[in-house]
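Look at the chain as a whole before turning to any single part of it. The text below goes from the overall fold to one helix, then to the cores, and then to some single residues.

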Amino acid sequence: MSTAITFSEYGAPGVLTLSEVPAPEPGPGQVRVRVRAAAVNPIDVRIRAGMMQGVFPVEFPMIPGWDVAGVVDKVGEDASFAVGDEVFGVASVGGYSEYALLDRPYAKPKELSFETAAGLITVGEAAYRALEHLGVEAGQTLLIHGAGGSVGTIAVQLAAARGIAVVGTVAEQDIERVSGLGATAVGHGEGWVERVRAAAPDGVDFVFDASGAGVLAESVTLAGDAGQVITIADPSFAQHGVRFTGMDPADRFPEALPQLAGLIAAGKLDVPVWRAYPLAEAPQAHADIEARRNEGKVVLLP
C-alpha cells in the first residue's frame with residue numbers, strides 16, 4: 001500500500017484527503033520511485049477546484065500532482081534506471097503519493113535537492129514550451145503576464161538569456177525581484193495596458209499569459225495578432241483565438257528538463273522553493289497558493 005492524497009469531488013482545499021491506496025506496479029520501461037518531493041502547481045489547484053473541467057477532465061477518486069523526484073524503488077522490464085538511482089520526472093499516476101510511476105525518468109543532478117528537482121518540472125517545461133511555440137527571437141519584445149509566478153520567473157530568465165526584451169506584469173511586491181531577473185516589471189491590475197505601453201514604447205511582439213487573469217483580449221490588441229499570444233492558464237482562450245498549450249502531451253517538451261536541470265546545477269537558472277510541507281498538509285499548501293502567499297515553489301514531502 002501507499003499513502004497518498006486523494007479527492008473525490010471538486011471543491012475547496014478541504015476535499016484533499018490523506019488516503020491509503022495500492023502501491024503502483026511498474027510496467028515495461030517504467031520505474032517506481034519512492035517519492036522524496038512532489039511539487040504543488042497552480043494547475044493542481046485549478047483542477048481540484050473544478051475550474052479546468054473542460055480542459056483536464058478527471059476520474060474520481062483522483063491523486064493530484066505530476067512532478068516528483070525520488071529514489072528508484074522498483075523497475076519494470078527494460079527500464080533505463082536501476083534501483084537506488086536518484087531521478088525526477090512526470091508521474092504517470094498522481095504524484096502526491098509515497099510511491100509513483102515514471103514513464104520517462106531523468107537522472108537528478110547531484111547539485112539539485114529533491115525539492116528543487118520536483119519544483120522544476122511543470123513550471124520549467126511550461127516556460128520553455130511557451131517560448132518555443134511563440135518563436136521569440138533575440139531583439140524582440142515579449143510580454144509575460146504573471147512574471148512573478150513560478151512559470152513566469154523561469155520564462156523571464158530563459159528569455160533574457162536569449163537576448164529577448166521582457167516586460168512582465170506582476171504584483172506590486174514582486175516588481176523589484178522580477179526586475180532583478182532581467183525584465184522590466186510593471187504592476188498588474190487596473191491600468192496595466194498603459195504601463196506596458198510605457199515600458200515598451202516600440203510595442204510588444206509576443207505575449208505569454210501565465211496568469212489566467214483575464215488579460216487575453218488586451219494582449220491580442222497589444223501584439224496585433226492572436227497568433228502571437230499563448231496561454232497556459234486562461235480557459236477562455238478560444239474566445240480570443242489564442243492558443244492554449246499544455247492539454248496535448250505531444251505539445252510538450254519534456255526533453256528540455258535535463259537541460260533546465262543542468263542550468264540550475266550550473267547556477268544559471270534559479271527555481272526557488274518557498275516552502276516544503278508534509279504530505280498530510282496538502283490542503284494548506286493549496287490554500288497558500290490560492291491566497292498567493294507563496295514566493296516560489298511549494299512542495300510536499302511524502
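What follows is a walk through this model, which is predicted.

Begin with the overall build. The protein has 8 helices and 15 strands. Its radius of gyration is 19 Å, close to the 19 Å given by the globule rule for 302 residues, so the protein is as compact as a globular protein of that length. Along the principal axes, the C-alpha trace spans about 60 × 40 × 30 Å. Of the 302 residues, 53% count as buried. The protein exposes about 12600 Å², and carbon and sulfur atoms supply 50% of that area. Contacts can also be sorted by how far apart the partners are in sequence. Among contacts with a separation of 6 or more, 63% are between residues 24 or more positions apart.

Now turn to one helix, α2, which covers residues 114-134. How far apart should the ends of α2 be, given its 21 residues? At 1.5 Å a residue, the helix should span 30 Å, and its end C-alpha atoms are 31 Å apart, which agrees. Even so, α2 has a kink of about 40 degrees, centred on I121. The helix is mostly covered, with 17 of its 21 residues buried. Just after α2 comes G135, which takes a positive phi of about 70 degrees.

In soluble globular proteins, nonpolar side chains tend to be buried together. Here the largest nonpolar core has 49 residues, and F88, L142, I144, V151 and F208 are those with the most contacts inside it. Several elements each supply at least two residues of this core: the helices α2, α3 (150-161) and α7 (257-265), and the strands β3 (31-40), β8 (141-145), β9 (165-170) and β11 (206-209). Which element gives the largest share of this core? That is α2, with 12 residues. There is also a second, separate core of 42 residues, and V15, M62, V229 and L279 are among its members.

A pair of residues shows the packing in detail. A127 lies in helix α2. Is A127 buried or exposed? Buried means under 20% relative accessible area, and A127 has 0%, so A127 counts as buried. Leaving out residues up to four places away in sequence, A127 touches V151, I154, A155, L158 and F208. Take V151 from that list: A127 and V151 are 24 residues apart in sequence, and their C-alpha atoms are 5.6 Å apart in space.

M62 lies in the loop between α1 and β4. At 15% relative accessibility, M62 counts as buried. M62 touches I5, T6, F7 and I47, not counting residues up to four places away in sequence. M62 and G14 are 48 residues apart in sequence, with 14 Å between their C-alpha atoms. P61 is found in the loop between α1 (42-48) and β4 (67-75). F60 and P61 are joined by a cis peptide bond, with omega about -10 degrees.

The backbone has further points to check. Most residues other than glycine have a negative phi, and most peptide bonds are trans. D78 is not a glycine, yet its phi is positive, about 65 degrees. D78 is found in the loop between β4 and β5 (86-90). With a relative accessibility of 69%, D78 counts as exposed. R292, also a residue other than glycine, has a positive phi near 55 degrees. Where is R292? R292 is in the loop between α8 (282-290) and β15 (297-301). R292 counts as exposed, at 59% relative accessibility.

The last stop is S236, in the loop between β12 (229-231) and β13 (243-244). S236 has a relative accessible area of 17% and is buried. The C-alpha atoms of S236 and V299 are separated by 29 Å, and the two residues are 63 residues apart along the chain.

Terms used:
Residues are numbered from 1 along each chain as its sequence is written. This is a predicted model: local features need pLDDT of at least 70, side-chain atom pairs count only at pLDDT 80 or more; totals for chains, interfaces and linings use all residues. Side-chain values use heavy atoms; hydrogens and water are left out. Helices (H or I, at least four residues) and strands (E, at least two) are DSSP runs, numbered from the N terminus. The expected span of a helix is 1.5 Å times one less than its number of residues. The bend at a residue is the angle between axes fitted to the seven residues ending there and the seven starting there. Buried means under 20% relative accessible area, exposed over 50%, partly exposed in between (1.4 Å probe, protein chains only). A nonpolar core is a set of buried Ala, Val, Leu, Ile, Met, Phe, Trp, Tyr and Cys residues joined through side-chain atoms within 4.5 Å. The radius of gyration is taken over C-alpha atoms; the globule rule is 2.2 Å times the number of residues to the power 0.38. Contact means heavy atoms within 4.5 Å. Accessible areas come from the Shrake-Rupley method with a 1.4 Å probe; for residues, only the protein chains shown count as cover.
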